[in-house]
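Please look over the sequence and the structure before reading on.

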Amino acid sequence: MIVVAGEALIDLVPRGAGALATLTPALGGGPFNTAVALGRLGSPTAFCSRVSRDAFGAALLDRLRETGVDVSSVQRGDEPTTLAVATVGTDGSAAYSFYVEGTADRLFTAPDTVPAGTRAVSFGTCSLVLEPGASAYEELMRAACARGVFTALDPNIRAGLIPDPDAYRARFRSWLPSVSLLKLSAEDAEWLGGSPKEWLAAGPAAVVVTRGGDGLTVFTRDGGEYAVPGERVEVVDTIGAGDTVNAALLHGLAVRDALSDAGVAALDGEGWADLLGFAARAAAVTCSRAGAEPPYARELEPEAA
């Protein structure tokens, strides 16, 4: 079981040009997208979050169930669902503004335990910024690490939500001893400061940096550095592409029985090339269609991990 912990929200995606284009609601949130992608790839997955009892919340849970994701760890609340208004650039890149005050997901409380059979827990995005939930997710991350569970982190920076960047950067560094796999975009890496070498020295077994259409690079504790190019595709938008990479990496590690620091360390250059290539192909499928619609395993055959 791979547990994905974090927010589920509604993306309001423009259908057309201009500030007053029609906005279409779409199911989203980085952790939510990661959970859906894992389910579609065939990994046993559970979602750990707090979701509203409103109609949007019901739709979010329905999508998770349809994808085979276990929602028994989801807390419920009467507060509204978080909204993210997306702006899509001419190159398909997406930027967001958020409506988060008084929403259900930020009132998450840390559970006493993770589901039986949990092999990995994935964290990231808004859930690690917005209090009081951020501290609860941090508590869950540290507890999972202390139990020897593989932990993955994608900070997925949303700078508009971070009132004190320096405080957040310090907090990010404090998480690294509890992180097994750090995945982040080149833009996030620049915003956070530091380098893969510094981050590896603090704790993670591997750091994966994504560069959009230019591909992915992994840095490992033993000094390894392996890269693959991006898959060429006609981009509709990039919504959910990074989340798909998260899911593909976790799924690929699970398939290889490598959801551990030792398992990650055992991967050689060929193994990393296969895994990163799989993630690149999966992300390309997501980019080829509107919204966060990650691929099913059958769409990646015969090359699927």
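Contact here means heavy atoms within 4.5 Å. By that rule, threonine 125 touches Glu7, Gly30, Pro31, Asp154, Pro155, Asn156 and Arg158, leaving out residues up to four places away in sequence. The model is predicted: local features need pLDDT of at least 70 and side-chain atom pairs count only at pLDDT 80 or more, while totals for chains, interfaces and linings use all residues. Residues are numbered from 1 along each chain as its sequence is written, and side-chain values use heavy atoms, with hydrogens and water left out.

**Single residues**
- Threonine 125 sits in the loop between β9 (120-124) and α3 (133-146); helices (H or I, at least four residues) and strands (E, at least two) are DSSP runs, numbered from the N terminus.
- Threonine 125 is buried, at a relative accessible area of 6%; buried means under 20%, exposed over 50% and partly exposed in between, with a 1.4 Å probe and protein chains only.
- Glycine 252 belongs to helix α7 and is buried, at 0% relative accessibility.
- The C-alpha atoms of glycine 252 and leucine 41 are separated by 9.5 Å, although the two residues are 211 residues apart along the chain.

**Nonpolar cores**
- A nonpolar core is a set of buried Ala, Val, Leu, Ile, Met, Phe, Trp, Tyr and Cys residues joined through side-chain atoms within 4.5 Å.
- The largest such core has 52 residues, and Phe47, Leu64 and Leu253 have the most contacts inside it.
- Helix α9 (residues 269-287) gives the most to this core, with nine residues.
- Apart from it lies another core of 40 residues, including Val3, Val149, Leu153 and Trp175.
- Leucine 253 is in contact with Phe150, Leu181, Ala258, Leu259, Val264, Leu267 and Leu275, its neighbours within four places in sequence left aside.

**Helix packing**
- The axes of α1 (residues 30-41) and α7 (residues 241-255) come within 8 Å and cross at roughly 45 degrees; axes are lines fitted to C-alpha atoms, for helices over the stretch in contact, and angles run from 0 to 180 degrees between N-to-C directions.
- The contact of α1 with α7 involves residues including Ala37 and Leu41 of α1 and Ala247 and His251 of α7.
- α7 and α9 have axes 8 Å apart and pack at an angle of about 145 degrees.
- Among the residues that meet there are Leu249 and Gly252 in α7 and Phe278 and Ala282 in α9.
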